Amino acid sequence: MRIDIVTIFPEFFSALDVSLLGKARESGLIELAVHDLRDFTHDRHRSVDDTPYGGGAGMVMKPEPWGYALDSILDPLPEEREARLEGCPTIIFPSPAGELFTQAMAQELSAEPHLIFGCGRYEGIDERVFEYAASRARVRLVSMGDYVLNGGEVATMAMIEAIGRLIPGVVGNPQSLVEESHSDGLLEYPSYTKPAEWRGLEVPPVLLNGNHGAIAAWRHEQQLERTRRIRPDLLS
Ligand code: JEB
């Protein structure tokens, strides 16, 4: 999978070198390029923002640098293919006004050959950038959750980790992915390791007796109890 990121904070993504995606990049499973939006400005001050038409608080990201940045990443659109977007990259704009990011979306996006993340800042990006991008690729506005961030970078990082670990060969132990997909959308059961007693706290005895049927039943009961208590919305 090819991943391009457009941001005014390219250094932010050096964290991806040390995460589990580092190895996937070395092996060529994931090819990642980070682009500094300011490299696509043409004024002395390398401005990427301006005041909003119609008034209001804060600043809005100017469309021109975004246009040049996206053009530099996207293949020139051959004329006979105009308006045909199958096989085009998917451009994701993290946005508090987007559709909620889910595991199902991560699964779907992990099968794409080319993802582009456009990280906004300030009060967001001039709306025409989304329209222009939609004429060149498939565009999705995606929200990390119902809370307010200062920009798209943290959301992009989380999405890349969630998507990347679903690419075959990226996660060390493929059995973990199999077990996850069998958890039926329930919360996970509690995990324990040695020692069997630690600071007066004991591991549940059922896990120590080697009865695999009893262990599986106990774990499933734990999953149901936790889900009922913490995330009843997942049970409907
Ligand atoms: C994503 C962003 C901002 C209103 C308030 C703040 C670009 N779950 C999420 N919350 N906030 C964001 C997000 C995601 N994904 C998010 C991109 C930008 C917030 N801001 C600040 C914009 N509008 C600017």
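These legends describe close-up views of a predicted model and its ligand. Local features need pLDDT of at least 70, side-chain atom pairs count only at pLDDT 80 or more, and totals for chains, interfaces and linings use all residues. Residues are numbered from 1 along each chain as its sequence is written, and side-chain values use heavy atoms, with hydrogens and water left out.

**View 1. The shell around the ligand.** The ligand is surrounded by 18 residues (a residue is near if one of its heavy atoms lies within 4 Å). Pro-94, Tyr-122, Gly-145, Tyr-147 and Leu-149 are the closest. By class, the shell holds nine nonpolar, seven polar and two charged residues. Here Ala, Val, Leu, Ile, Met, Phe, Trp, Tyr, Cys and Pro count as nonpolar, Asp, Glu, Lys and Arg as charged, and the others, Gly among them, as polar.

View 2. A nitrogen atom of the ligand lies 2.7 Å from a polar backbone atom of Tyr-147. For Leu-149, a backbone N or O atom is 3.1 Å from a ligand nitrogen. Ser-143 uses a polar side-chain atom, 3.3 Å from a ligand nitrogen. Taken alone, the ligand exposes 510 Å², and the protein buries 86% of that (Shrake-Rupley method, 1.4 Å probe).

View 3. The ligand takes up the space of the second largest pocket (more than half of its atoms lie within 2 Å of the grid points). A pocket is an open set of points on a 1 Å grid over the protein atoms alone, where a 1.4 Å probe fits, with protein on both sides within 12 Å along at least five of seven lines. Its volume is about 450 Å³, the space filled by probe spheres set on the points. The lining counts 24 residues, each with an atom within 4 Å of a point. Nearest the centre lie Pro-94, Ser-95, Pro-96, Glu-123 and Gly-124. The lining divides into 13 nonpolar, eight polar and three charged residues.

View 4. Strands are DSSP runs of E, at least two residues, numbered from the N terminus. S5 (90-100) and S7 (138-143) each give two or more residues to the ligand shell.

**View 5. Arg-128 in helix H5.** Arg-128 is found in H5, residues 128-134 (helices are DSSP runs of H or I, at least four residues). The Arg-128 side chain makes a polar contact with the side chain of Asp-126, at 2.7 Å. Within protein, one atom must be able to donate a hydrogen and the other to accept it, and residues adjacent in sequence count only if both atoms are side-chain atoms.

Key
Polar contact = N/O pair within 3.5 Å; in protein donor to acceptor, adjacent residues only side chain to side chain.
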